[in-house]
Structures are given as structure tokens and as C-alpha cells.
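Here is a short report for a reader who works with models. Please keep the sequence and coordinates at hand.

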Amino acid sequence: MILRGHVFSKMLEMDTGITIVVPNNFSKKTPWKTAYLLHGICGNNASIVDYTMLPAYANKYHCIFIMPEAGRSFYTDMVYGQKYFSYVSGELPRICKNVFNISSKADDTFVMGFSMGGYGALKCAFTRPNQYKACCALAPGPLFLKDFLAELNEYGNTREYIARWGRQFINDLRSAFGERFTWKPEAELLYLAEKMRDAPSYPEIYVSCGTEDSLLDYNRRFNDEMKQLSIGINYEEFSGNHDWYFFDEALKRALDFCFPESAPAAPAGQVNPETK
């Protein structure tokens, strides 16, 4: 079952789009597991349903998938714009629990995302570690925001940099972080991860990236940095680019990670992805 519509957000002060995928055998007898699935910068709340096999996966993994609209916000409380992080991580779960019979337990709650949404998913998990059982970031970026914003401050107005990234992308970053691309620690994943490791418990983390993806080196560095923090993450690379062919396969692998009881058994002789 695919539900498409709008909800009114007090945090955003407006109606905002939402897509929800519900297993065909949904009933209200018991609370359901829920995954918040976050789109990338070029997508919207419906993109994941339109370009992946998610409706079939929902039936297999027995989970409700909730896909909010976040525009090109980088899942931040924007300087010039809406408070999308507060909406996605705080208000949205409250709205959904009032509508659907979904579990309020952290053990039944997951957050996932593609590209910019992968950054958003990690930010949600690291900021609210007691809210989720697992977090899956699929080809996430930007993983090292301080470095990226410093680079933008130095080169963001040059013709070469605009040609590389596009004027709209740079304007989106100004909307999110301000005219001077101001860095704040609460938006930096490594800073949040360092704080999170002192929590009594925190979500399991799965990160994947395609071997032909331009973000590969950043994802490898992120995996190394998490090791330095003594935070174990399940990091996986496999063939693919930054496109929907990769994202569909990555989504399936992420769901196998989150719901091992529903995952197919590995063929004899197959080596499981390395846990780093």
C-alpha cells in the first residue's frame, strides 16, 4: 500500500509532502516497526518509491516506511528556511504515531537515507541515539562538513567552483548554513559521533558506497575516523555509481542488515560483508 499526501507541520508552519509505504498485510493488532527513509538533494518524498523496489521490500521486511519532504535543506534547521532537522527527527515521529499503530520502542525504529539523506540519517542517529535501533546511510554526503564549508568560503564564488558544483547547489548551502557558510558543531557528524559514544547505548550503523562513486574516498575516510573513535560501523563497498541502480541494491542490503530474520541465507561459500 502506497499513501501519498500532505501533513501540516507546526515546526515548518506549512503543509508538507509525505509518502508512506505500508505492508499489504498491515493490521492494527500490534504496533509496527517503522523506518524513516530520507531522500537525496535532487529528490523528494516520493522519489524512493518511484525509483526502487521499496513497496515489495515493505511486504518482505514487515515494516512501515515513512518518507518526509526535506527539500534541499541538508536536513538542517536552515538559516534561511525551515527547521527541517527538528521536523524530521522530532515532530514527524509524533505525527506518525498519532495516525498509525507504530511502535514507540527504539528497538522497532530505524532511520535510513540516500546521499544527502544519508547525512541526515546519520545526523538523526548521532543526535538522538536512544531513538533508533539502527541507522543506514547509503552513499552519504557531506561527511566532513567543516572542511567542505571552509572550501566553499574560499572558492565558492569562483567561476571554476560554480561550474563544478552548480550555482543552485551553492545557493542551497547558503540557505542552510548562512551567507558565510557558518559551521556549527551540531551539524558535524564526527563531533556528534564523539558525543554519542558516551551514551549508554547507540544505534547500529551501516554505511555503503559504490566503488565508482565520487564520494567513495570520503566514505572510506569516514569509516577510518569512526574506527579512531572506537565506534564500530558496518561498512560495505560494492560495484556501483551514485545512481538508482546502486541505491536500490544498497537499500536491499541495508534492509537485510536491519532485519536479519527476514534476510535470505547467504549461499554456501559466500563471504559476508566485512564489518570494520
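Predicted model: local features only at pLDDT ≥ 70, side-chain atom pairs only at ≥ 80, totals over all residues.

Residues are numbered from 1 along each chain as its sequence is written, and side-chain values use heavy atoms, with hydrogens and water left out.

**The sheet**

Eight strands form an open sheet with mixed pairing. Their order is β1-β2-β4-β3-β5-β6-β7-β8. Helices (H or I, at least four residues) and strands (E, at least two) are DSSP runs, numbered from the N terminus. Two strands pair if DSSP finds at least two bridges between them. β1 (2-9) and β8 (234-238) stand at the edges with a single partner strand each, so one side of each has no neighbour in the sheet. From one strand to the next, the twist averages 20°. Helix α2 (residues 54-61) packs on this sheet and touches β1, β2 (14-21), β3 and β4 (63-68). Its direction makes about 145° with that of β4. Axes are lines fitted to C-alpha atoms, for helices over the stretch in contact, and angles run from 0 to 180 degrees between N-to-C directions.

Strands of a sheet pair through backbone hydrogen bonds, either parallel or antiparallel.

| Strand pair | Sense and bridges | Residues facing each other |
|---|---|---|
| β3 (residues 33-38) and β5 | parallel, five bridges | A35 and F110 |
| β5 and β6 (residues 134-138) | parallel, five bridges | F110 and A134 |
| β7 (residues 204-210) and β8 | parallel, five bridges | S208 and E236 |

**Strand β5**

Is strand β5 (residues 109-114) enclosed or open? Six of its six residues are buried, so β5 is largely enclosed by the rest of the structure. Buried means under 20% relative accessible area, exposed over 50%, partly exposed in between (1.4 Å probe, protein chains only). T109, V111 and G113 point one way from β5. F110, M112 and F114 point the other way.

**Methionine 67**

M67 lies in strand β4. It is buried, with a relative accessible area of 1%. Contact means heavy atoms within 4.5 Å. Leaving aside residues up to four places away in sequence, M67 touches I18, T19, I20, V21, L37, N45, I48, V49 and L54. M67 and V21 are 46 residues apart in sequence, but 8.4 Å apart in space, C-alpha to C-alpha.

**Helices**

The axes of α4 (residues 116-127) and α8 (residues 189-196) come within 8 Å and cross at roughly 30°. The two helices are therefore roughly parallel to each other. Angles under 35 degrees count as roughly parallel, over 145 as roughly antiparallel, 65 to 115 as roughly perpendicular and the rest as oblique. On the α4 side, Y119, L122, K123, A125, F126 and T127 make the contact.

In helix α7 (residues 167-177), the buried residues include F169, I170, L173 and F177. D172 and R174 are buried too. Their cover includes α5 (145-155) and α6 (159-165). Just after α7, G178 takes a positive phi of about 100°.
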